[in-house]
Amino acid sequence: MKVLILGGTTEAMALAKRLAGHSVIKAEVSLAGRTARPVLPPLPTRVGGFGGVDGLADFLTGNRIGAVVDATHPFAARISANAVAACARVGVPLLVLTRAAWAAGPEDRWIGVPDMAAAAEALRPLGRRVFLTVGRQELAPFAAVPDRSYLIRAVDPPDPPPELPDHRVILDRGPYTLEGELALLAEHRIDALVSKNSGGTATAAKLEAARRLGIPVVMVERPADTGAETVHAVGEAVGWLEERAASGLP
Ligand code: NAP
């Protein structure tokens, strides 16, 4: 059975590793092409958008795809919605593989917000030195709160550079350690952290570090999910695919 994995995440990479050399599941990974030097999975990989729902539907039929696993990031809402629409149109089963959201504990100082514009507004009563860990593509809303000193961490440099009068970019890719995050927050005397509620372990250390240092976290909550069948563990996704392969799909 031919399978398309929509990737760009740790989960997609883990699934690809599990399916490399599989006897009946022939999987291919799709990456959006956002990062300059992506870590490539051990499976055939295509890079670039499909061209919306129509393009994805054509790809599924043209390549005789028997099942799709949407293992994209929980904030990649457009491709996930496209996957639901395209799979429904051409009758291909779809599974979402995603990490569970993070939940605040009693010692956390989280301020939940629905989107990046609200995250910027939530900074107003907080301290001056802000650590932005929201990626490089959604920095524009923070221009509404320009009187802060922003430390931005991203995999690739923001392009164009953010219009924030006082900012510094550090380029890095997780996983991050608690020791490293504690040292970074202390070195830059961070007053507030902004994060997406991505979930998972690779980038969770910043939250533990903020908790220990009593630093407030502005947490951007996830976009509404699409209602598609969802699992959180790679093994469950493999089981789901093997069941479908056993049912004799092409
Ligand atoms: P998005 O807003 O949901 O998607 C925008 C467009 O990018 C889609 O309509 C699609 O273009 C294309 N696209 C996205 N993911 C794709 C994939 N895996 N394969 C082929 N085309 C894809 O996506 P995004 O938030 O920009 O995320 C892009 C990629 O980065 C995804 O692979 C995601 O897993 C990864 N990522 C995102 C975040 C985040 O915070 N958003 C964080 C870490 C990793 P067409 O309509 O032309 O098909």
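This report describes a sheet with its packed helices, and then the aromatic rings, in a predicted model.

**The sheet and its helices**

Six strands form an open sheet with parallel pairing, and their order is S6-S11-S10-S7-S8-S9. Strand S6 (110-113) and strand S9 (167-171) are the edge strands, each of them pairing on one side only. On average, and with direction ignored, neighbouring strands of this sheet are turned by 20° against each other.

Within the sheet, strand S10 (residues 192-196) pairs with strand S11 (residues 217-220) in the parallel sense, over 4 bridges. Ser195 has Met219, in S11, as its bridge partner.

Helix H5 (residues 178-187) packs on the sheet, where it touches strand S7 (129-133), strand S8 (149-154) and S9. The direction of H5 makes about 155° with that of S8. Helix H6 (residues 205-213) also packs on the sheet. The strands touched by H6 are S6, S7, S8, S10 and S11, and the direction of this helix makes about 150° with that of S10.

**Aromatic pairs**

A pair of aromatic rings is described by the distance of the centres and the angle of the planes. A search of the whole structure finds 2 aromatic pairs, and the table lists their geometry.

| Pair | Centre to centre | Angle between planes | Class |
|---|---|---|---|
| Phe50 and Phe59 | 5.2 Å | 65° | edge-to-face |
| Phe142 and Tyr150 | 6.0 Å | 65° | edge-to-face |

The pair of Phe50 and Phe59 is classed as edge-to-face because the planes of the two rings stand at 65°, and planes over 60 degrees apart count as edge-to-face. For Phe142 and Tyr150 the angle between the planes is 65°, and this pair is edge-to-face.

Burial is judged from relative accessible area, with under 20% counting as buried. Phe50 has a relative accessibility of 17%, so Phe50 counts as buried. Phe59, with a relative accessible area of 14%, is buried. In the other pair, Phe142 is at 0% relative accessibility and therefore counts as buried. Tyr150 counts as buried because its relative accessibility is 1%.

**Arginines over rings**

Phe59, a member of the pair with Phe50, also has an arginine over its face: Arg46 lies there at 5.4 Å from the ring centre.

Conventions. Residues numbered from 1 in each chain as written. Predicted model: local features only at pLDDT ≥ 70, side-chain atom pairs only at ≥ 80, totals over all residues. Heavy atoms only, no water. Pairing = 2+ DSSP bridges. Helix = DSSP H or I, 4+ residues; strand = E, 2+ residues; numbered from the N terminus. Axes fitted to C-alpha atoms, helices over the stretch in contact; angles between N-to-C directions. Contact = heavy atoms within 4.5 Å. Phe/Tyr/Trp six-rings, centres within 6.5 Å; stacked < 30°, edge-to-face > 60°. Buried < 20%, exposed > 50% of the residue type's maximum accessible area, 1.4 Å probe, protein only. Lys NZ or Arg CZ within 6 Å of the ring centre and 35° of its normal.
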